[in-house]
Amino acid sequence: MGTALTGLLVIPPVFAQSVEARHWQGAAAVTRQPEHVVATTVAEWRSLWSRVGTPAPDMFEAGRMNAVGIFLGRRGGEGYAVNILSTARRRDRIVVVFEERMPAEMMMAQRGAGPRPVAGGPVMSAPSGLPPGAAGFAAPGAGASLAPPPPVARPVGQPTSPWAIILINRADLPVSVEQRLFR
């Protein structure tokens, strides 16, 4: 006869564990190059702030804190920003997740950039065996024409250079930076 095993299996969660952090952000960094920089010393902390063009706050404790600078680089107008989504521990590291915020006009232009139906004639369904989405072609000889693309709004204003600096209240794990590109 076989033995039956009974008991409780405890599986540690693999979900991210929030990490205490403080952050600053702005739209006019001195540096115009896109980069992510991790600071582990007071000199590196000051270097992050020199990229912004502001003196560093006197609150960094080497050996007890890490800091991350996120610099998006030059943007063509106003309305761009770094949006910090989370600072969390994932397994053996601390991960800072951010996204770039854009002016509303740019967001709408990007969302509306998908495929458009063909106008001007009857629409035939796709023959069997073709992938979904192959329908939408105009019937042969129907004289179909494409609708003009929607105008893309351009941001107005002076160029900007969005940035964020995150001060993480622990230094026992390496730090990674991730950018969320789509929601």
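**Entry 1: a threonine to start with**

I began with threonine 87, which has 10% relative accessibility and therefore counts as buried, since the cut-off for buried is under 20%. This is a predicted model, and I keep that in mind throughout these notes. I found threonine 87 in strand β5. Next I looked up what threonine 87 touches, leaving out residues up to four places away in sequence. The list holds Ser18, Val19, Ala21, Ile94, Val95, Val96, Ile166 and Ile168.

**Entry 2: the whole chain**

I then stepped back to see the protein as a whole. How many helices and strands does the protein have? I noted two helices and eight strands. Reading along the sequence, I wrote down the pattern β-β-β-α-β-β-β-α-β-β. The protein has 183 residues, and 28% of them count as buried.

I also looked at contacts between residues at least 6 apart in sequence: 70% of these join residues at least 24 apart. For the accessible surface of the protein I noted about 12300 Å², with 58% of this belonging to carbon and sulfur atoms.

**Entry 3: the sheet with β1 and β5**

Back to strand β5, to see which sheet holds it. I found an open sheet of four strands in the order β1-β5-β6-β8, and its pairing is mixed. As a reminder to myself, strands of a sheet pair through backbone hydrogen bonds, either parallel or antiparallel.

Which strands stand at the edges of this sheet? They are β1 (17-18) and β8 (175-179), each of which pairs on one side only. I checked β1 and β5 together: they pair in the antiparallel sense, over two bridges. Here serine 18 stands opposite alanine 88 in β5.

**Entry 4**

I turned to an open sheet with the order β2-β7-β4-β3, where the pairing is antiparallel. Its edges are β2 and β3 (35-39); each has a single partner strand, so one side of each is left without a neighbour in the sheet. I noted the twist too, which averages 15 degrees from one strand to the next.

How many bridges join β2 to β7? I noted six, between strands that run antiparallel, with β7 covering residues 163-168. For arginine 22, the bridge partner in β7 is leucine 167.

**Entry 5: aromatic rings**

Next I went looking for aromatic pairs, and the count came to five. I took tryptophan 24 and tryptophan 49 to begin with: their ring centres are 5.4 Å apart and their planes stand at 80 degrees, so I filed the pair as edge-to-face. This pair links distant parts of the chain, with tryptophan 24 in strand β2 (residues 21-26) and tryptophan 49 in helix α1 (residues 42-52), 25 residues apart. Are these two residues buried or exposed? Both tryptophan 24 and tryptophan 49 are buried.

Then I looked at tryptophan 45 and phenylalanine 60, a stacked pair with 5.4 Å from centre to centre and 20 degrees between the planes. Tryptophan 45 lies in helix α1 and phenylalanine 60 in the loop between α1 and β4 (66-71), so this pair ties together parts that are 15 residues apart in sequence. Tryptophan 45 counts as buried because its relative accessibility is 1%. Phenylalanine 60 counts as buried as well, at 9% relative accessibility.

To finish the page, I wrote down that Trp24, Trp45, Trp49, Phe60 and Trp163 form one aromatic cluster.

**Entry 6: a glutamate in helix α1**

I stayed with helix α1 and picked glutamate 44, which lies there. Glutamate 44 has 33% relative accessibility and so counts as partly exposed. Leaving aside neighbours within four places in sequence, I found glutamate 44 in contact with Val38 and Ala39.

I also noted a polar atom of the glutamate 44 side chain 2.5 Å from the backbone nitrogen of threonine 40. As for alanine 62, which is 18 residues away along the chain, its C-alpha atom is separated from that of glutamate 44 by 9.9 Å.

**Entry 7: an arginine in a loop**

My last stop was arginine 91, in the loop between β5 (81-90) and β6 (93-101). What is phi for arginine 91? I noted a value near 55 degrees, which is positive in a residue other than glycine.

Technical notes:
Residues numbered from 1 in each chain as written. Heavy atoms only, no water. Phe/Tyr/Trp six-rings, centres within 6.5 Å; stacked < 30°, edge-to-face > 60°. Buried < 20%, exposed > 50% of the residue type's maximum accessible area, 1.4 Å probe, protein only. Contact = heavy atoms within 4.5 Å. Polar contact = N/O pair within 3.5 Å; in protein donor to acceptor, adjacent residues only side chain to side chain. Areas by Shrake-Rupley, 256 points an atom, 1.4 Å probe, with all protein chains shown as cover. Pairing = 2+ DSSP bridges. Axes fitted to C-alpha atoms, helices over the stretch in contact; angles between N-to-C directions.
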